[in-house]
Amino acid sequence: MGILSYVQAAPSGTALTVSGQVDGSSAAVFEELLLKVSRMHRPPLLLDLSRIDSMDGAGLAALLTIRNLTAARDRRLRVIAASTAVHTLLCLTGAQHILEEAPYAMRTPA
């Protein structure tokens, strides 16, 4: 399964919704997508990851790489929604603090 995305202007930045699986086979595509959107659109980058089916360490590494690149350019990246799989990974690794995950970001599957 590939990665699907949708970008839209938001009142407080640029919202990017991503769906699919972010793992070793798709992490590079995910990272390139985040990099492209963060460079081409108004900051901050607001990530809706509520439709991500699964994410592994490679996906997390891509997310943190882009977070660091945006921070180096005095821009922000924030997770505004996360699937249970993403939220669990962020919490287990402590990355929810680094990524400014909104406290209400976790969504349970319908």
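**Entry 1: Leu-47**

I began with Leu-47 and listed what it touches beyond four places in sequence: Leu-16, Leu-34, Leu-63, Leu-77, Arg-78, Val-79, Ile-80 and Ala-81. I note that this is a predicted model. Leu-47 lies in strand E3. Is Leu-47 buried or exposed? I found a relative accessible area of 0%, so Leu-47 is buried, the cut-off being under 20%. I then took one partner from the list, Leu-77. Leu-47 and Leu-77 stand 30 residues apart in sequence, yet their C-alpha atoms are 7.4 Å apart in space.

**Entry 2: the whole chain**

Next I stepped back to the fold. I counted four helices and four strands in the chain. Read from the N terminus, the order is β-β-α-β-α-β-α-α.

How much of the chain is buried? Buried residues make up 45% of the 110 residues. I checked the contacts with a separation of 6 or more as well, and 67% of them join residues 24 or more positions apart. The accessible surface comes to about 5800 Å². Carbon and sulfur atoms hold 56% of that surface.

**Entry 3: Ile-3**

I turned to strand E1, residues 3-10, where Ile-3 is found. Setting aside neighbours within four places in sequence, I listed its contacts as Val-18, Ser-19, Gln-21, Val-22, Ser-26, Phe-30 and Leu-33. Ile-3 and Ala-95 are 92 residues apart along the chain, and 21 Å separates their C-alpha atoms.

**Entry 4: the cavity**

How many cavities of 30 Å³ or more does the structure hold? I found one. I wrote down the lining: Thr-14, Val-37, Ser-38, His-41, Arg-42, Pro-43, Pro-44, Leu-45, Thr-70, Arg-75 and Arg-76. I sorted these residues by type and got four nonpolar, four polar and three charged.

**Entry 5: Thr-14, from the lining**

Thr-14 is one of the lining residues, so I looked it up in strand E2, residues 13-22. Its relative accessibility is 5%, and Thr-14 counts as buried. Beyond four places in sequence, Thr-14 is in contact with Val-7, Gln-8, Val-37, His-41, Arg-42, Pro-44, Leu-45 and Leu-46. I also took the C-alpha distance from Thr-14 to Lys-36, which is 12 Å over 22 residues of sequence.

Most residues other than glycine have a negative phi, and most peptide bonds are trans. I looked for departures from this.

Which form does the peptide bond from Pro-43 to Pro-44 take, cis or trans? I found cis, with omega near -5 degrees. Pro-44 sits in the loop between helix H1 (27-40) and strand E3 (45-55). Both prolines are also among the residues that line the cavity.

My other case is Asp-74. Its phi is near 55 degrees, a positive value in a residue other than glycine. I located Asp-74 in the loop between helix H2 (57-72) and strand E4 (77-82). Is Asp-74 buried or exposed? Its relative accessible area is 75%, over the 50% cut-off, so Asp-74 is exposed.

Note on methods
Residues are numbered from 1 along each chain as its sequence is written. This is a predicted model: local features need pLDDT of at least 70, side-chain atom pairs count only at pLDDT 80 or more; totals for chains, interfaces and linings use all residues. Side-chain values use heavy atoms; hydrogens and water are left out. On a 1 Å grid over the protein atoms alone, a cavity is a set of points where a 1.4 Å probe fits but cannot get out, and a pocket is an open set with protein on both sides within 12 Å along at least five of seven lines; lining residues have an atom within 4 Å of a point. Grid points are joined across faces, edges and corners, and a volume is the space filled by probe spheres set on the points. Ala, Val, Leu, Ile, Met, Phe, Trp, Tyr, Cys and Pro count as nonpolar, Asp, Glu, Lys and Arg as charged, and the others, Gly among them, as polar. Helices (H or I, at least four residues) and strands (E, at least two) are DSSP runs, numbered from the N terminus. Buried means under 20% relative accessible area, exposed over 50%, partly exposed in between (1.4 Å probe, protein chains only). Contact means heavy atoms within 4.5 Å. Accessible areas come from the Shrake-Rupley method with a 1.4 Å probe; for residues, only the protein chains shown count as cover.
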